[in-house]
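The sequence and the model come first, and the notes follow by topic.

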Amino acid sequence: MKKPGAKTILDWKGVERVLSRLTHEILEKNRGALEIVLVGIASGGIPLSRVIRKKILAIEGIEVPAGFVDITLYRDDLARAGYQTRLKRTEIPFSIDEKKVILVDDVLYTGRTIRAAMDALMDFGRPQNIQLAVLIDRGHRELPIRADFVGRNVPTSRSENVEVRVEGSPEEWAVLLVEAPTGKGE
Amino acid sequence: MEWRRKHVLGLVDFLPEEIEFVVDTARSMEEVLTRDIKKVPALRGKTVVNLFFEASTRTRTSFEMAGKRLSADVVNFSSSTSSVTKGETLLDTARNIEAMKPNILVIRHAASGAPHFLARHVSCSIVNAGDGANEHPSQGLLDLYTILKAKGKVAGLKVAIVGDILHSRVVRSDLHSLGRMGAKLWLCGPAPLLPQEMARTGAFLTSDIREAVRGADVIIMLRIQLERQKTAYFPSLREYSRRYGLNREVFALAKDDAVIMHPGPINRGVELSDELADCGQSLILEQVASGVAVRMALLYLLAGGSHAAH
């Protein structure tokens, strides 16, 4: 599965441990899971928020509401690509009013995705607060945005890509640093 | 697949994957319309001009609403072609509007090919909102979308389209959208309004509404344009209604779960009886709702590329 030139940042056990710690931190800061809702950012944040939800259920015995948001319609670079890609789905089938929204994404990079996601969330209601949980923070912020919960800080160059796999059976999970850039940052 | 098309002039050259792309995008747009705040910033700073040379309320309103839901600035421009020769007026008007640098021009015109003509002379994206008897692509797409939503599929369904086939741009776009996705199409109308060459599209032609409706999954009733009564196409409205109107008795021949559609506005009691227009199997208002989502999808897809940037 490993591409030539790819460097493993986290193997599957590493991902598992990091997500367990992240979940505990979320529960500690919010004193449990009662007012929490999870919103994964499509596509990378969705499988992660699913794992976190399972872990919360195992620890607290609570099934927290979970949804996902596609930020495409909130992007600031819509006309830059020269073409349109397929939209992804948004599904937040519960009220976020007065809730503590944990926004989940795989990689935090420029911060533009998070800005767009927060704008999208505000269209769904008025949360008590929004907290950001990411598996990898790779730096290079272009906006004043930081994560509340970080799995791993990874210094990168802009020509590198971070690949996160958290789908399928846990044995397939991994985080890789890939050289040859595809042009897509996050 | 990526969307690279600059104009939507007709569905005649749409590939099946492009049709699916629009339908899929419209599904995401429909989700936006279910929210409390039915507006997203996708087209902020873009300008959409509705340039309508023919009377239209619902299509223009639908495009206007679609643009506004996406945060575009929408300007409506209605004009009449009565006094000046069409070609001159059209190009002149278009150049004037182009000078104001819109991103998308939505045009309806009585002359077939008017949007194609404009596309060759202006730099912005053109959306055909109905040109003569040629095409009405957004209607063709929203009809497909509505059927997909109600039936889950289009392939293999018997779709009967009844009315003035000859003058209908809706039929020509439906033939492409529904036909390309595998529907079995039946076109039905009085012989003078049923051009035989349309059989070349693979559609079945009949002047017997019972044959068209028998076993149908979907029945699309077309508006009979009352002004055509003066011409020799059919003897009288009453005669037309008796032979080509959809009433409970004829509808009983269709499948039990058949649905009724109509591009609007309805002539109640002419092509469609009151009770059928308002019955539970009528999707007429669903079509209107789908129309906004489908047009949002079209505007979004056209506004995204660098080709549309000024």
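A crossing of two helices is left-handed if the near helix is turned anticlockwise from the far one by less than a right angle, and right-handed if clockwise. This is a predicted model, in which local features need pLDDT of at least 70 and side-chain atom pairs count only at pLDDT 80 or more, while totals for chains, interfaces and linings use all residues. Residues are numbered from 1 along each chain as its sequence is written, and chains are lettered from A and ligands numbered from 1 in the order in which they are written. Helices (H or I, at least four residues) and strands (E, at least two) are DSSP runs, numbered from the N terminus.

**Helix packing in chain B**

- Helix H2 (residues 58-69) of chain B packs against H11(B) at an angle of about 55 degrees, and their axes are 8 Å apart. Axes are lines fitted to C-alpha atoms, for helices over the stretch in contact, and angles run from 0 to 180 degrees between N-to-C directions.
- H2(B) and H11(B) are therefore oblique to each other; angles under 35 degrees count as roughly parallel, over 145 as roughly antiparallel, 65 to 115 as roughly perpendicular and the rest as oblique.
- The crossing of H2(B) and H11(B) is right-handed.
- On the H2(B) side, the residues that meet H11(B) include Arg58(B), Phe63(B) and Met65(B), and those they meet in H11(B) include Val288(B), Val292(B) and Leu299(B). Two residues are in contact if their C-beta atoms, placed from the backbone, lie within 7 Å.
- The contact of H2(B) with H11(B) comprises 7 nonpolar, 3 polar and 3 charged residues. Here Ala, Val, Leu, Ile, Met, Phe, Trp, Tyr, Cys and Pro count as nonpolar, Asp, Glu, Lys and Arg as charged, and the others, Gly among them, as polar.
- Helix H5 (residues 137-151) of chain B and helix H11 (residues 284-303) of chain B have axes that come within 8 Å and cross at roughly 120 degrees. That angle makes H5(B) oblique to H11(B).
- H5(B) passes H11(B) in a right-handed crossing. Leu141(B), Leu142(B) and Tyr145(B) are among the H5(B) residues in this contact, and Ser290(B), Val294(B) and Leu298(B) are among those of H11(B).
- By class, 5 nonpolar, 5 polar and 4 charged residues make up the contact of H5(B) with H11(B).

**Domains of chain B**

- Chain B is assigned domain 1 (16-132 + 289-308) and domain 2 (137-279); the bounds come from an automatic or database domain assignment.
- Taken over C-alpha atoms, the centres of domain 1 and domain 2 of chain B are separated by 26 Å.
- Contacts link 16 residues of domain 1 of chain B with 14 residues of domain 2 of chain B.
- On the domain 1 side, helix H1 (16-33), strand E4 (125-131) and H11 of chain B each give two or more residues. That side has 8 nonpolar, 5 polar and 3 charged residues.

**Sheet in chain B**

- An open sheet of 5 strands has the order E7-E6-E5-E8-E9 (chain B), with parallel pairing. Two strands pair if DSSP finds at least two bridges between them.
- Strand E7 (204-206) and strand E9 (259-261) of chain B are the edge strands, each with a single partner strand, so one side of each has no neighbour in the sheet.
- The twist from one strand to the next averages 20 degrees.
- Strand E5 (residues 158-162) and strand E8 (residues 218-221) of chain B pair in the parallel sense over 4 bridges. Val159(B) stands opposite Val218(B) in E8(B).

**Sheet in chain A**

- In chain A, 5 strands form an open sheet in the order E3-E2-E4-E5-E6, and the pairing is parallel.
- Its edge strands are strand E3 (66-69) and strand E6 (149-153) of chain A, each pairing on one side only.
- Strand E4 (residues 100-108) and strand E5 (residues 129-137) of chain A run parallel and are joined by 8 bridges. Lys100(A) has Asn129(A) as its bridge partner in E5(A).

**Contact between the chains**

- Chain A gives 16 residues to the contact and chain B gives 20 residues.
- The side of chain A that touches chain B has 7 nonpolar, 4 polar and 5 charged residues.

**Backbone details**

- Ala42(A) and Ser43(A) are joined by a cis peptide bond with omega of about -5 degrees. Ser43(A) lies in the loop between E2 and H2 of chain A.
- Another cis peptide bond runs from Gly264(B) to Pro265(B), with omega near -10 degrees.
- Arg31(A) is not a glycine, yet has a positive phi of about 50 degrees.
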